[in-house]
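This report describes selected structural features of a single protein model. The sequence and structure are shown first, followed by the analysis.

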Amino acid sequence: MENIIKVDINDNPIGTIEKLTAHKTPVLHRAFSVFLYRGDKILLQKRALNKYHSGGLWANSCCSHPRANMSFLDSVYSRLNFELGIKDKINLQELFSFTYLSKYADDLYEYEYDHVLVGEYKQENLNFNKDEISELKWWNIFDLEKELVLNPQKFATWFLICAPKVIYKIKELLN
């Protein structure tokens, strides 16, 4: 049982809820999406097929929900360790946040207030959690832009919303 943070439309906490219950109702809750980059490449994960939604789709480096009993950044760092085996506290910058609602089945939704964070990560070897991730890939941002237009069905819903802004920001950092 994982309790996550229910929020109002302005991201003010209004209680907690069990994660699966939030996804079956839907209930607006806080989330985060982390994008790790190095140079002109972004680390993407292909979600494990056993995930209860969006399995087999490409998404950002790491994503989850802050826990009610942890600080926001501690939740992010904990999840980076859990999914990718990253133990270092990477310097992360929050770029923006957004709200979205996606229906995946008759009783399965994502209704999230998603905080998007970006950080540079230069190390090569990642020991990823195979229960969460089926594949990792460093995508060239220019190739990724093309793929988002030509094959959007390969990507998770939230990724299609936030990736263009993240790519734009990384291009700015490269100049």
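## Nonpolar cores

A nonpolar core is here a set of buried Ala, Val, Leu, Ile, Met, Phe, Trp, Tyr and Cys residues joined through side-chain atoms within 4.5 Å. The model under discussion is predicted. Its largest nonpolar core comprises 25 residues, and Phe35, Ile42, Leu144 and Phe159 have the most contacts inside it. Two or more residues of this core come from each of strand 3 (29-38), strand 4 (41-47), strand 5 (58-59), strand 7 (92-105), strand 8 (108-120), helix 3 (141-150) and helix 4 (157-174). Helix 4 supplies the largest share, with 7 residues.

Apart from this core lies another, of 18 residues, with Leu36, Val76, Tyr77 and Leu80 among them.

## Helix 3 and its packing

The buried residues of helix 3 include Ile141, Leu144, Glu147 and Leu148. Viewed down the helix axis, the buried residues of helix 3 fall within an arc of 115 degrees, and therefore line one face of the helix. In general, an α-helix has 3.6 residues a turn, so residues three or four places apart point the same way.

Lys146, Val149 and Leu150 are exposed on the other side of helix 3. The cover over its buried residues includes strand 4, strand 9 and helix 4.

Asn140 belongs to strand 9 (residues 133-140). Its relative accessibility is 18%, and Asn140 therefore counts as buried, the cut-off being under 20%. At the start of helix 3, a side-chain oxygen of Asn140 reaches to within 2.8 Å of the backbone nitrogen of Phe142.

The side chain of Asn140 also makes a polar contact with the side chain of Asp40, at 3.2 Å. When residues up to four places away in sequence are not counted, Asn140 touches Asp40 and Lys41.

## Backbone features in two loops

Asp11 is situated in the loop between strand 1 (3-7) and strand 2 (13-18). Although Asp11 is not a glycine, its phi is positive, at about 70 degrees. With a relative accessible area of 12%, Asp11 is buried.

Pro26 lies in the loop between helix 1 (19-24) and strand 3. The peptide bond from Thr25 to Pro26 is cis, with omega near -10 degrees.

Methods
Residues numbered from 1 in each chain as written. Predicted model: local features only at pLDDT ≥ 70, side-chain atom pairs only at ≥ 80, totals over all residues. Heavy atoms only, no water. Buried < 20%, exposed > 50% of the residue type's maximum accessible area, 1.4 Å probe, protein only. Helix = DSSP H or I, 4+ residues; strand = E, 2+ residues; numbered from the N terminus. Polar contact = N/O pair within 3.5 Å; in protein donor to acceptor, adjacent residues only side chain to side chain. Contact = heavy atoms within 4.5 Å. Arc of directions from axis to C-beta.
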